[in-house]
Amino acid sequence: MGGGSAGWLTAGILAAEHNTSSPDRISVTLVESPDVKPIGVGEGTWPTMRDTLRKMGVSETGFIRECDASFKQASRFDRWVTGGDDDTYYHPFALPQGYGDVNLVSRWQSTAQSPALKKPYAEVVSYQPHLCNHGRAPKQITTPEWAAVANYAYHLDAAKFGQFLQKFCTENLGVVHVLDHVSGINSADNGDISSLQTDSHGQIAGDLFIDCTGFASLLIGGHYGIPFISRKDVLFCDTALALQVPNATEDSPIASNTISTAQKAGWIWDIGLPTRRGIGHVYSSAHSTDDEAESALRAYIGNTGGDSNAGTARKLSINPGHRKTFWHRNCVAVGISAGFIEPLEASALALIELSAKMISFELPETREIMDIVAKRFNDRFRYRWDRIIDFLKLHYVLSQRTDSDFWLDNRKTGTIPSHLLELMKLWRYQPPSRSDLFQIEEIFPSASYQYVLYGMGFQAGNVPQRRSDEARLADRFFEENLKMTARFLAGLPSNRELLNHVAKYGMQKI
């Protein structure tokens with residue numbers, strides 16, 4: 001129930017894996033109101049989206065052309081540490097060279113004591129920040145669809161993405177699309193949902209109902225009354241103003257990364273697409289007025305080459321948090337109906353992917369089994385929400401800014417989750433590693449924590465080397481990274497060049 005990215009991604013993942021176009025398989029029906037428009041935000045993805053779309057049978061060429069998509073290789077954070085002009089670091093998608101083989105952090109910190117050798121951690125261990133600095137694409141013109149030279153995700157037009165998925169799912173995967181108003185929810189004797197009552201299509205029965213109704217949360221929240229857990233005590237940002245700014249020319253460079261620029265009461269996102277930039281200001285209403293936030297947003301647009309008077313800003317209210325339970329009886333919430341927080345690290349679409357994939361993989365064969373699957377689902381996603389909130393809060397805790405109460409309040413111990421405080425104590429003596437996180441499919445792996453920690457100047461204690469050859473091995477990986485960087489910079493086109501080629505000629509098929 002509900003369309004948009006959440007509804008159509010979930011329908012597509014289920015339909016593709018279970019072959020719904022065959023008459024003896026499950027059926028997937030998507031019901032959405034003709035009057036409710038998708039939120040249309042969530043323009044950043046993670047590299048998992050490539051595999052998700054590939055398994056659905058989507059053409060990468062068609063996806064890029066129809067969704068106004070571009071390639072994303074990292075997130076760049078400006079002015080998060082001190083607020084200065086030279087305050088910048090990257091969180092790239094590529095793992096550090098030699099990650100897991102040797103303690104890179106210890107060696108990097110020891111060499112960084114020399115001013116001549118002092119370079120940002122991500123630039124020493126990964127080629128990807130250098131590719132982003134030069135606006136490079138993550139693959140060559142001859143690289144086939146879905147394949148990569150450098151790990152990548154996408155920036156996209158969220159509204160066009162939903163329309164693209166709708167067309168693909170209905171025409172290729174056998175998803176039934178019902179455009180109608182839901183006037184009631186009918187219950188079975190055991191308390192399950194038995195059917196949706198619609199104005200023009202009567203009752204639509206089902207075994208499993210997936211709530212993709214966004215902020216309304218009509219099934220999990222409205223029908224079942226599952227409580228909402230606010231996390232505003234940890235993540236303060238509760239409002240966003242969004243604008244679409246046309247590119248200056250048809251050949252304007254397209255950034256290979258999301259740009260996140262810290263402000264006095266929040267931060268501004270900047271996402272480059274082939275025809276425009278998506279720019280928005282996320283802020284705390286307790287620390288800024290709407291007028292102050294819009295002034296900061298328009299000043300940023302003007303300072304980065306855009307028209308500061310472009311368009312009317314769209315205001316979005318954010319209630320940071322999530323449902324206490326995500327799967328209740330035969331109803332499971334996916335997307336904003338399950339929860340929503342500020343889009344600092346583009347976790348929204350990744351959570352939809354992970355939710356839909358688990359539902360599809362563990363789709364219960366019987367009603368009895370459904371309760372077991374529901375418990376496993378709830379345990380896993382409570383963990384995931386906690387880890388996402390930890391990771392986003394880390395960006396604020398590590399800041400050294402003192403220019404506003406927003407930054408000072410974010411560093412108060414009472415606002416920091418206890419789990420994160422424990423990890424930060426541990427990381428004084430050892431870098432984040434795979435042993436700190438317990439799931440195979442972590443949204444933010446330990447490498448991500450390293451990029452943020454050391455990108456923001458986290459000072460670890462003096463950790464002794466555990467192997468006699470540790471320094472030599474680390475230096476070898478640093479040298480490998482330099483060589484890869486030079487080779488990739490010489491051989492990869494710009495983001496704009498590759499996207500222009502895809503628009504005109506398409507990509508090679510695998």
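In helix H14, the residues Ser446, Ala447, Ser448, Tyr449, Gln450, Tyr451, Val452, Leu453 and Tyr454 are buried. Buried means under 20% relative accessible area, exposed means over 50%, and partly exposed is in between, with a 1.4 Å probe and protein chains only. Helices (H or I, at least four residues) and strands (E, at least two) are DSSP runs numbered from the N terminus.

This is a predicted model, in which local features need pLDDT of at least 70 and side-chain atom pairs count only at pLDDT 80 or more, while totals for chains, interfaces and linings use all residues. Residues are numbered from 1 along each chain as its sequence is written, and side-chain values use heavy atoms, with hydrogens and water left out.

Let me stay with H14 for a moment. Helix H14 covers residues 446-455, and nine of its ten residues are buried, so it is largely enclosed by the rest of the structure. What do the buried residues of H14 pack against? They pack against S4, helix H4 (104-111), helix H5 (121-125) and H11, where contact means heavy atoms within 4.5 Å. After H14 comes Gly457, with a positive phi near 85°.

I turn to the chain as a whole. The chain has 16 helices and 20 strands. The C-alpha trace spans about 75 × 55 × 50 Å along its principal axes. Of the 510 residues, 57% are buried. Among contacts with a separation of 6 or more, 75% are between residues 24 or more positions apart.

Next, the interior. In soluble globular proteins, nonpolar side chains tend to be buried together. A nonpolar core here is a set of buried Ala, Val, Leu, Ile, Met, Phe, Trp, Tyr and Cys residues joined through side-chain atoms within 4.5 Å. The largest such core has 134 residues, and those with the most contacts inside it are Leu53, Met56, Phe63, Trp80, Phe161, Val175 and Tyr396. Helix H11 (residues 367-397) contributes the largest share of this core, 14 residues. A second, separate core has twelve residues, including Leu243, Ala293, Leu297 and Ala313. Setting aside residues up to four places away in sequence, Tyr396 touches several residues, among them Trp80, Leu235, Trp267, Phe406 and Trp407.

Thr52 sits in helix H2 (residues 48-56) and counts as buried at 2% relative accessibility. Beyond its neighbours within four places in sequence, Thr52 is in contact with Leu9, Ile13, Glu353 and Lys357.

Now the sheet. Seven strands form an open sheet in the order S4-S3-S13-S14-S15-S12-S16, with mixed pairing; two strands pair if DSSP finds at least two bridges between them. Strands S4 (88-92) and S16 (314-317) stand at the edges, each with a single partner strand, so one side of each is left without a neighbour in the sheet. From one strand to the next, the twist averages 20°. Strand S12 (residues 239-246) runs antiparallel to S16, and four bridges join them; Ala242 has Arg314 in S16 as its bridge partner. Helix H9 (residues 290-303) lies across S12, S13, S14, S15 and S16, at about 145° to S15. Axes are lines fitted to C-alpha atoms, for helices over the stretch in contact, and angles run from 0 to 180 degrees between N-to-C directions.

A hairpin follows. Strands S7 (residues 182-187) and S8 (residues 193-198) pair in the antiparallel sense over five bridges. Five residues lie between these strands in the hairpin, and Gly191 takes a positive phi near 95°.

Asp68, with phi near 50°, lies in the loop between helix H3 (60-66) and strand S2 (70-72) and is buried at 9% relative accessibility. Arg79, with phi near 65°, is in the loop between strand S3 (74-78) and S4 and is partly exposed at 34%.
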